[in-house]
Amino acid sequence: MKITGLQPLVTKDCLLFCTLLWCTSSWATALSLKDTLPANPDVRHGVLANGMHYYIQHNAYPAHRAELWLALRAGSLQEEDNQRGVAHFVEHMAFNGTRHFPKNELVSYLERTGMRFGADLNAYTSFGETVYFLQVPTDSQAVLKNGLLILEDWASGLLLDSLEIDRERGVVLAEWRTRLNSDQRLQQQYYPWLYRGSRFADRLPIGDTAVIKHGDYRLFQRFYADWYRPELMAVIAVGDFDPDWMEQEIHQRFAQLQNPPSAKLHQDYDVPFTPDTSAQLFTDTEAAFTEVRLAMKFSKTGKESVEAWEEALEHDLYNRILNARLIDLQQQADPPFTFAYSGFGQDLGDNGVYSISVMTSPAKALNGFLAVYRETERVRQFGFTHAELQRHLADIRKTLEKAVSERKKTNSNLWASKLLGHFLQDQPLLSPETELQLFDAVSPRITLERLQQWAQKWLAGTNRSLYITTCSGTELPSPDRFLTALAQVNQEKLTPFEESFVDQPWLDKPLPPVEILSEVNHSEIGATEWRLTNGVVVVVKPTSFKADEILVQAFSPGGTSVASDAEYFNAGSALAVAGQSGLGPFSYPDMLKKLAGKSISIGPYASDLYEGFSGRCAPGELEEMLQQIYLYTTRMRFDSTALVSYRERQRTIFANMMANPYYFYGDLKERLKYDNHPRAGLASEADLATLDLVKMQQFYEDRFGDCGDFTFVLVGNLNPDSSKSLITQYLGNLPASGRKDGFRDTGMALRDGQFDTLIVRGKTPKALVELVYHGGFSYEADNRYAFSSLLSVMQIRFREVLREEQGGVYGVRVTGSYLQHPKPQYRITLTFNADPEVVDSLVASAKGVIRELATAGPLPDLVDKVREMQWQNRVKQQQENSYWLAQLVTRYREGLPLTGISLEDFQRTQQKLTPAFIQQAAQDYLQGVDLIQFVLKPEQ
């Protein structure tokens, strides 16, 4: 067949020329605002004769993987009045029968290749788009070709079988039910008001339940025929493959697709502006929090010019600086709000929107909102300071520098999302190098006056919508009172913001170097272990996975278990209060300023059984991160103002939380699970009264003031030889007395026996289910592997039975854990939501699946799927610093051998995976006498 119209919009030679031109400093310094931004030379973007776009980019991270996406410029906006919800429903049907993969064979086939439904195979529908995501292995060309075949089927080969549509109705309703809560009900109230006069007001993608339940099959078939056409589509392929081969495959597969002879007109729908300011209150009986939001709409602007990029940079700077000021306000002893946010982004209808949002208590709703609005008015009157601008410019430049250094280690799905943004929203296709060069070219001309002009534009007083969401019956000032107060703030004469930050070193004097007592090289995994003179153990694992990343985690036994039950809440809150008090010579806001332009993120943690540190940094920031760790153990601040501020903000959160039935359910079931142990359940306002700064500081200093039994694991781009002196200098000087800690058995354990509880709460027509199987555990390697493999089998089998066969759930979440301390035990938890009328039968079906696994075992095909999924996942994990960090921490913490991390060891372990192996695990962990069952049903 003759193929025409296949030339890329921008040829490779042209892209190379643009890149070379861009890199010349003379061109960069002579940028015109109207210049078009140059495209990423690594991207091939073309349009077939039928109008279908394609984007191709080679990327070798993760290795042997490809992201294959299909994007459609059609969503709920394209639905007719009797089709509301059909766009999303058709998306579901893409996984329920296509030309080459009938019924549920598509998901089953991909599972056999090692891909996971949800993680590697998914889709979404929005107002104006539908997007399908698929990740496939590329070390098999047959699998890669089938991945493209799946995209081809999605584009033109959905079967939309009437029987499958009927079976899927329950699944789509289950997804609707999953989202059904007070937040969604509030959204269904304010969306029609906020977007009144536009098509967005009555086209929420989830649609009309009547259409979902009873819609004629022809509605779905007609939507697919009308809108799934190549001129509205794009194929996106990013990954470890030959781009020439991929381009040829796309031409051969998709050029033959035809547009309908009389295609429906595709419209871009706008949101009409209202010149004045309007305000409205929206309530729900189960709303847990009070929020006030002011949104100001602006006309859409172009995105692919230097001017547009420069404006976006200024918007980012403006909101970074203002949000930093809001954090300062939040730290006050009597904070005016719990959380607040300022942002500029893309609104529906492709317009711009500037918004400020405040979450606070009902009593502080007006004053809290005005406190934030007053800060925006302060910017309008006086602008920002030079120091603020320079700090946040440094922050942005650091992010861009990291993107350049990590460009060959950036995940393919991130690149694919950028290509999707170009197709759907005309976002620029910039390479990381271009973005950094562009930043360096335009940032010198960004002035304080230019940033101040955005406040003057955004606060002009037109096209404004103010809305308040809260619990029904809450006493609040009227919306008109908010508007009157806004006008009054605009007339206030404020004072300029005062910059109080004084930079200084983290430490006022250098620390002496210490010796290494012993060194062990674990050559089998490429790690080095040092024992320092103060007892600290350091494990260093160098990798080349990320050029700009070092991960660190430290642990020591004890955690909050060492605190008495009476002081548990103080112990659990100590790190939150300490974290907002600051560190060493810096208050919390000043600490954030000190870290501007850096990627350091490090802090202490305390779990039930362990305390330690967790964080990351860039290679050039290792010393500064180690200095902070030293300060966390020697000069941690506990500020009384931070405690009062923390208590007040927590009180706002707790005040009306139990009005929400799901918080009530979560709290009650935790208390019942643990037989009303004093550590179980959510905290309350009464607990806040017990907070004591002295007791919190005592707990913290007890846990972090003696580090002789700490183990630090560092993974990433660091050289053990060159980093040795820094590590010994700072970690070697951590305080230590030779004390060896342990954890305490607090007696908090899941209740024994069969426990079945029905909880009736709330108005939402949704039932929640939780089943907890638990018992003792033998902590051998085979048992750990059998346990995790059983969870994977259960996840697939529940999907097959409860979702695909019965259409009763959107999904069943299967989680599990095994612990060695304080005593060996395991738990497996199943959770799902369902129609209250059929929830009992679905619980019975779930237990039927469990009986089936224990009595007959899984089918060999299911075990083969799990084996391949495990293998593919492990291959991908081997390229991730986070995987190596987690493995090393777990094995050192639990005293496990370092063998088993490598692929070769795992391959030997997998030989044990058989149906009988899983069946035995099901008998061991799912047929015991200990089962806790909760079902939450609505009151009516």
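In the predicted model, the charged end of K541 is placed over the ring of W884, at a distance of 4.3 Å from the ring centre. A second contact of this kind involves R761, which lies over the face of F664 at 3.7 Å from the centre of the ring.

Contacts between aromatic rings were also examined, and the structure contains 54 aromatic pairs. In one of these, formed by F555 and Y610, the ring centres are 6.3 Å apart and the planes meet at 90°; because angles over 60 degrees count as edge-to-face, the pair is assigned to that class. Elsewhere, one aromatic cluster is made up of F127, Y190, Y191, W193, Y195, F200, F282 and Y467.

Six strands form an open sheet with mixed pairing, in the order β1-β2-β6-β3-β5-β4. From one strand to the next, the twist averages 10°. Strands of a sheet pair through backbone hydrogen bonds, in either a parallel or an antiparallel sense. The pairing of β4 with strand β5 (residues 130–137) is antiparallel and extends over five bridges, and L121 stands opposite L134 in β5. Helix α3 (residues 86–93) lies across β4 and β5 and runs at about 170° to β4.

Definitions and conventions. Residues are numbered from 1 along each chain as its sequence is written. This is a predicted model: local features need pLDDT of at least 70, side-chain atom pairs count only at pLDDT 80 or more; totals for chains, interfaces and linings use all residues. Side-chain values use heavy atoms; hydrogens and water are left out. Rings of Phe, Tyr and Trp (its six-membered ring) pair if their centres lie within 6.5 Å; planes under 30 degrees apart count as stacked, over 60 as edge-to-face and the rest as tilted. A charge sits over a ring if NZ of Lys or CZ of Arg is within 6 Å of the ring centre and within 35 degrees of the ring normal. Two strands pair if DSSP finds at least two bridges between them. Helices (H or I, at least four residues) and strands (E, at least two) are DSSP runs, numbered from the N terminus. Axes are lines fitted to C-alpha atoms, for helices over the stretch in contact, and angles run from 0 to 180 degrees between N-to-C directions. Contact means heavy atoms within 4.5 Å.
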